[in-house]
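Thanks for coming. I will go through one structure, from the fold down to single side chains. Please have the sequence and the model open.

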Amino acid sequence: MPKTISRFITSLLLTLGIFFALHLLVLKQLDLPLLNNKITLSYTINAILAITILTALFKLKERYKTQIGFLFLFGSALKFVVFFLIFFPSYKADGVMDKLEFAAFFIPYVLCLILETVYLSKMLNKMT
């Protein structure tokens, strides 16, 4: 496995692990249910998608140099499709998406997006 991908996976899992623990700590401090709103599934799926997307981009970077940004956007669109297929139906089942449901998905999504962007930027800078 290339060093870039290994570093990304390590950084991603470490970051998500820390924020997952912090997320649960905040929920506990506020006396809210810890594992509701598919929080564990959300962190897991976002991690899997981020690893898959960045690995695919790494493998395709030479072949599709000029389209790598569009491929990255396709990966982001894929994440939204997953959200609307897996999470949205249960979040909207009661007719309202509350802040806890939004946070359960959005926190890991944003963390993964930030790390993907940073590593993709480093990868593209090395290509020029």
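Read along the sequence, the chain runs α-α-α-α. That is four helices and zero strands, where helices (H or I, at least four residues) and strands (E, at least two) are DSSP runs, numbered from the N terminus. The C-alpha atoms fill a box of roughly 50 × 30 × 20 Å along the principal axes.

Two notes on where the values come from. This is a predicted model, in which local features need pLDDT of at least 70 and side-chain atom pairs count only at pLDDT 80 or more, while totals for chains, interfaces and linings use all residues. Residues are numbered from 1 along each chain as its sequence is written, and side-chain values use heavy atoms, with hydrogens and water left out.

Burial next. Of the 128 residues, 34% count as buried. Buried means under 20% relative accessible area, exposed means over 50%, and partly exposed is in between, with a 1.4 Å probe and protein chains only. The areas themselves come from the Shrake-Rupley method, and for residues only the protein chains shown count as cover.

Now the charges. How many salt bridges does a search of the whole structure find? It finds one, taking a salt bridge as a side-chain nitrogen of Lys or Arg within 4 Å of a carboxyl oxygen of Asp or Glu. The partners are the side chains of glutamate 116 and lysine 79, at 2.3 Å from N to O. Glutamate 116 is in helix H4 and lysine 79 in helix H3, residues 68–91, so the pair ties together parts that are 37 residues apart in sequence. Are these two partners buried or exposed? Glutamate 116 counts as buried because its relative accessibility is 2%. Lysine 79 is buried as well, with a relative accessible area of 1%.

Patches are made of residues with over 30% relative accessible area and no salt bridge; like charges are joined within 9 Å, and nonpolar side chains (Val, Leu, Ile, Met, Phe, Trp, Tyr) within 5 Å. Take Lys126, which lies in helix H4: it counts as exposed because its relative accessibility is 63%.

There is also a nonpolar surface patch, about 510 Å², made by Leu14, Ile18, Phe19, Leu22, Leu25 and Ile107. H1 gives the most to it, with five residues. Ile107 is in helix H4, and at 31% relative accessibility it counts as partly exposed.

On to the aromatics. The whole-structure search finds eleven aromatic pairs. Rings of Phe, Tyr and Trp (its six-membered ring) pair if their centres lie within 6.5 Å; planes under 30 degrees apart count as stacked, over 60 as edge-to-face, and the rest as tilted. One of the pairs is phenylalanine 105 with tyrosine 109, which is stacked, at 5.8 Å centre to centre and 20° between the planes. Why are these two about one helical turn apart? Because they sit four residues apart in helix H4. Phenylalanine 105 is buried, at 8% relative accessible area, and tyrosine 109 counts as buried at 8% relative accessibility. Both belong to one aromatic cluster, formed by Phe80, Phe83, Phe84, Phe87, Phe88, Phe102, Phe105, Phe106 and Tyr109.

Leucine 13 lies in helix H1 and is partly exposed at 47% relative accessibility. The C-alpha atoms of leucine 24 and leucine 34 are separated by 5.8 Å, and the residues are ten apart along the chain.

In the loop between H1 and helix H2 (39–60) there is aspartate 31. Aspartate 31 has a positive phi of about 55°, although it is not a glycine. Its relative accessibility is 71%, so aspartate 31 counts as exposed.

Technical notes
Accessible areas come from the Shrake-Rupley method with a 1.4 Å probe; for residues, only the protein chains shown count as cover.
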